[in-house]
Amino acid sequence: MQWTLVVPLKPLPQAKSRLADTADDGLRPGLALAFAQDTVAAALGCAAVRDVVVVTNDALAARELAALGAGTVPDLPRAGLNAALVHGATVVGAARRAASVAALNADLPALRPAELARVLDAAAR
């Protein structure tokens, strides 16, 4: 089974707001992008993953993640995490009716392809 992963990502200046006490506004956007790059790279390196679609309105993030091989779609609902996930899954479903779709957080910098493969295998069962 091959999966399409939908990865929602806030605009970088708004991301990682929970770190505001320890990381200033100048540091958090770069940190959020680095986390997303690590996550997307690991996902694309997973044999069970057909493709990754990032839902974001951040032009820099979209460009950088597309350079890794991810597809991107704008976050048209602009209504938070759940709405972004539904929108991404809807876009994927319209393009590929038989696609197996899963959600993936954008901030998993320690994710490894083999770990993700185990999770997706369990989900498929």
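A: Let us start with open spaces: on a 1 Å grid over the protein atoms alone, a cavity is a set of points where a 1.4 Å probe fits but cannot get out, whereas a pocket is an open set with protein on both sides within 12 Å along at least five of seven lines, and lining residues have an atom within 4 Å of a point. By that rule, the largest pocket is lined by 22 residues, and those nearest its centre are P8, L9, K10, L81 and D107. This is a predicted model, where local features need pLDDT of at least 70 and side-chain atom pairs count only at pLDDT 80 or more, while totals for chains, interfaces and linings use all residues. Residues are numbered from 1 along each chain as its sequence is written, and side-chain values use heavy atoms, with hydrogens and water left out.

Q: Which elements give two or more residues to the lining of the largest pocket?
A: They are α1 and α3 (81-95). Helices (H or I, at least four residues) and strands (E, at least two) are DSSP runs, numbered from the N terminus.

Q: How much space lies in the largest pocket?
A: About 630 Å³. Here grid points are joined across faces, edges and corners, and the volume is the space filled by probe spheres set on the points.

Q: Why is T39 called buried?
A: Buried means under 20% relative accessible area, exposed over 50%, and partly exposed in between (1.4 Å probe, protein chains only). T39 has a relative accessible area of 0%, so T39 is buried. This residue sits in helix α1 (residues 28-44). Contact means heavy atoms within 4.5 Å, and T39 touches L104, N105, A106, D107, L108, P109 and L111, not counting residues up to four places away in sequence.

Q: What covers the buried residues of α1?
A: The cover includes β1 (3-8), β2, α2 (59-68) and α4 (113-124). Among the buried residues of α1 are L33, A36, T39, V40 and A43.

Q: What makes C46 buried?
A: C46 has a relative accessible area of 3%, so this residue counts as buried. C46 lies in the loop between α1 and β2 (49-55). Leaving aside neighbours within four places in sequence, C46 is in contact with P113, L116, A117 and L120. The C-alpha atoms of C46 and A114 are 6.6 Å apart, although 68 residues separate them along the chain.

Q: In what order do the strands stand in the sheet?
A: Four strands form an open sheet in the order β3-β2-β1-β4, with parallel pairing. β3 (71-73) and β4 (100-103) are at the edges with a single partner strand each, so one side of each has no neighbour in the sheet. The average twist from one strand to the next is 25°.

Q: How do you know that β1 and β2 pair?
A: Two strands pair if DSSP finds at least two bridges between them. β1 and β2 have six bridges, in the parallel sense, so they pass. On this side, L5 stands opposite V52 in β2. Helix α1 packs on the sheet, touching β1 and β2, and its direction makes about 155° with that of β2. Such angles run from 0 to 180 degrees between N-to-C directions, with axes as lines fitted to C-alpha atoms, for helices over the stretch in contact.

Q: How many bridges join β1 to β4?
A: Four bridges join these parallel strands, and L5 stands opposite A102 in β4.

Q: Why is β1 described as largely enclosed?
A: Six of its six residues are buried, so β1 is largely enclosed by the rest of the structure. W3, L5 and V7 point one way, and T4, V6 and P8 the other. V6, for one, has 2% relative accessibility, so V6 counts as buried.

Q: What makes R78 exposed?
A: R78 has a relative accessible area of 66%, so R78 is exposed. R78 lies in the loop between β3 and α3, and has a positive phi of about 45° although it is not a glycine.
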